[in-house]
Amino acid sequence: MATVRLTVGQAIVRFLAQQFIERDGVEQRFIAGVWGIFGHGNVAGLGQALEELGDEYDMPYYRPQNEQGQVHIASAFAKHNNRMRAFACTSSIGPGALNMITGAATATVNRLPVLLFPSDYFANRLVDPVLQQVEHPIEHDVSASDAFRPVSRYFDRISRPEQLLSSLPEAFRVLTDPAETGAVTVSLPEDVQAEVWDWPERFFEKRVWRVRRPRPEAELVDEVVELIRNAKRPLIVAGGGAIYAGAEAVLDTLATQYGIPVSESQAGKGVLPWNHPWNVGPIGSAGGLAANRLAKDADLVIGVGTRMGDFVTASRSAFQDPDVTFVGININAFDAHKMRSLPLIGDAREALKAIAAGLAAAGATGSSQEYRQKVAALKAEWDEIVSAHRAPNGEPGDLSQPEVIGIVNDTIGGHATIICAAGSLPGDLLKLWRPEDSKAYHLEYGFSCMGYEIPAGIGVAMAEPGREVVVAIGDGTYLMLNSEIVTAVAEGLKITIIVFDNHGYQCIKDLAWNCGVPQFGNELRFRDSATGRLSGGYIPVDFAKHAEAMGALGLRAATEDEIKAAIEQARAHEGVTVIHVAVSPDKRAPGYDTWWDVPVAEVSSSPTVNAAREKYEVAVTKQRSELL
Ligand SMILES: Cc1ncc(C[n+]2csc(CCOP(=O)(O)OP(=O)(O)O)c2C)c(N)n1
Ligand SMILES: [Mg+2]
């Protein structure tokens, strides 16, 4: 057997370079590069290998500022590429590795492939405890990297070089499997990374991972066709899986031909353009009037590539028809079964095609004229509500977040990619943003991880050079993780970041208030010596100056005209622009006929808490616990 002598680090670089992915006849290299922060755990292992072999094998290295940031960059890159390209990430041991945990969980929850190589303590244990080693007192084989297990879809620790031979192919099988994908973690002890092995040459031959598009079972398709034919008030809920599978066109045809309204989750928004006649807008706790009213009375709900998270189901209160039936079209059996669904397990595009063919063969005519008119009327009503929220009210110095969203969307249009993840912005964007294609709305709302936004701007800008990238971020979230601005500057990327400054964690203040709790800890205020609490004046933060310090163009905008001018300046600037926009701390889009389960204290001496509890006890009666 022909062999080649390389270290574990070097073998990894060569292996990564030879992994390809193919779907629908399109083949490409899967791993676009390696992000990493070096420390003693990986500097002479993977670090050495990337330095020596990176150019030769076209495996570029990128340097972030924070290990969490690099995993978010990788997630966003994969998401914008519909999971057909990915990054690997390396970190040192202990703290560097643990900084990747939050990113790993975010990737796994959102079903996004990221390949993580945290470093690990010496496998030979001769220097124990090495710097940064968590010494577990009784379980000697437990290391910090074991914390990746619950947040990864695949985990392995390489304590002998030859273990790579079985571990790496398995890692790529999971990464490229549409149902299993997520964070894949291969932990690399620092001594093993530098150890040599005579690898079979075949290990480094080109390998193509074909992305499955499984067709659902024909018998179940027939059942679904019958359900649709008998439904009086059908409703589709489109999730991220519909976009990853490229089901846009078939969904359009099915909805149009059979008069089935399509509602959207955060990950599914954009699958149909906002002005598509059958797109009734967002559903659930952060949803809109049209979809939520349709959901309430729907007799058949067809989930397409959705996890049926609590925001979509309004904590299981969205669907009130006593006999409502669910169909779960999903490549992931786990998701397909949710809400007691008839599980139509398979690729979303292929499943919808099969249903369309079944409906055509059965001579189905689709929903009634009455239902079609009702859908059209609700959509028109919702569109008007959205337009009203977005319209600038012209009061300088008192801009609301919905108005700013409208101004920004009108200025950049419906094809720029808007990015967001946490705070009150996701809810307002879900309701008010008007995407015109399925890659124009990039929300991470599976984990709603504060800190995803700016790194995601990098991931999207790298995934699709040429598309305008705009990050919408709250002031609180900006303060949590902004340092990847430096990375974007270093990479020469053009990204516009709009900071919505409302003096703190206002969505949580709203939430607290809904639970009867007054402002406590959420706003960004000085400590007040009189109360001893954080109830002093607002702490002024100059976000434009802060961004300038990191090499970005920093701008401020307080009026409609200033926002438009700032965006134009950002467009003309070859680099990162941060626009600081002050928005009202209290004005956000309201909820529409919905609820979200946030438990209220069952006992309290506060009358507002008791009043909120009373309301809560009424609200939970709408929760359909039988739909489990
Ligand atoms: C990492 C992380 N920590 C905590 C939370 C809980 N959380 C959700 S939104 C939010 C406040 C966000 O504040 P900001 O970005 O200013 O947005 P705003 O609510 O003001 O719109 C917090 C603390 C979270 N989602 N992620
Ligand atoms: Mg805020």
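## A pair of helices

Let's start with two helices that meet: the axes of α10 (residues 248-258) and α13 (residues 348-361) come within 9 Å and cross at roughly 30 degrees. Because angles under 35 degrees count as roughly parallel, α10 is roughly parallel to α13. The crossing in which α10 passes α13 is left-handed. Please keep in mind that this is a predicted model.

Which residues make up the meeting of α10 and α13? From α10 come Val250, Leu251, Leu254 and Tyr258. On the α13 side they meet Arg349, Leu352, Lys353, Ile355, Ala356, Leu359 and Ala360.

Val581 is a handy place to look at the surroundings in detail. Setting aside residues up to four places away in sequence, Val581 touches Leu399, Val404, Ala557 and Ile563, as well as the run Ile498, Val499, Phe500 and Asp501.

## The magnesium site

Now to the metal. The magnesium ion (ligand 2) is coordinated by the OD of Asp475, the OD1 of Asn502 and the O of Gly504, at 2.0 to 2.1 Å. If you like sequence patterns, the spacing of these donor residues is D-x26-N-x1-G. Asp475 lies in helix α18 (residues 475-480), while Gly504 is in the loop between β22 (495-501) and α20 (506-514), so the pair ties together parts that are 29 residues apart in sequence.

Are Asp475 and Gly504 buried or exposed? With buried meaning under 20% relative accessible area, Asp475 counts as buried at 2%, and Gly504 is buried too, at 10%.

The loop between α18 and α19 (484-490) holds Ser483, which counts as partly exposed at 25% relative accessibility. Apart from its neighbours within four places in sequence, Ser483 is in contact with Gln65, Asn66 and Met550. For a sense of scale, Ser483 and Ile243 are 240 residues apart in sequence and 30 Å apart in space, C-alpha to C-alpha.

His80 sits in helix α3 (residues 67-80) and is buried, with a relative accessible area of 7%. What does His80 contact, leaving aside its neighbours within four places in sequence? The list runs through Thr417, Lys439, His442, Val460, Ala463, Glu464 and Arg467.

## Backbone details worth a look

A few backbone angles may interest you. The peptide bond from Asp128 to Pro129 is cis, with omega near -10 degrees. Pro129 lies in the loop between β8 (119-120) and β9 (154-157), and Gln132 is found in the loop between β8 and β9 as well. Phi of Gln132 is near 80 degrees, a positive value in a residue other than glycine, and Gln132 counts as partly exposed at 31% relative accessibility.

Ser315 has a positive phi too, of about 50 degrees, although Ser315 is not a glycine. This serine is found in the loop between β16 (300-304) and β17 (325-330). Whereas Gln132 counts as partly exposed, Ser315 is buried, with a relative accessible area of 7%.

Terms used
Residues numbered from 1 in each chain as written. Chains lettered and ligands numbered in written order. Predicted model: local features only at pLDDT ≥ 70, side-chain atom pairs only at ≥ 80, totals over all residues. Heavy atoms only, no water. Donors = N, O, S within 2.8 Å, 3.2 Å for Na, K, Ca; no water. Helix = DSSP H or I, 4+ residues; strand = E, 2+ residues; numbered from the N terminus. Buried < 20%, exposed > 50% of the residue type's maximum accessible area, 1.4 Å probe, protein only. Contact = heavy atoms within 4.5 Å. Axes fitted to C-alpha atoms, helices over the stretch in contact; angles between N-to-C directions. Parallel < 35°, antiparallel > 145°, perpendicular 65-115°, else oblique. Left-handed = near helix turned anticlockwise from the far one by under 90°.
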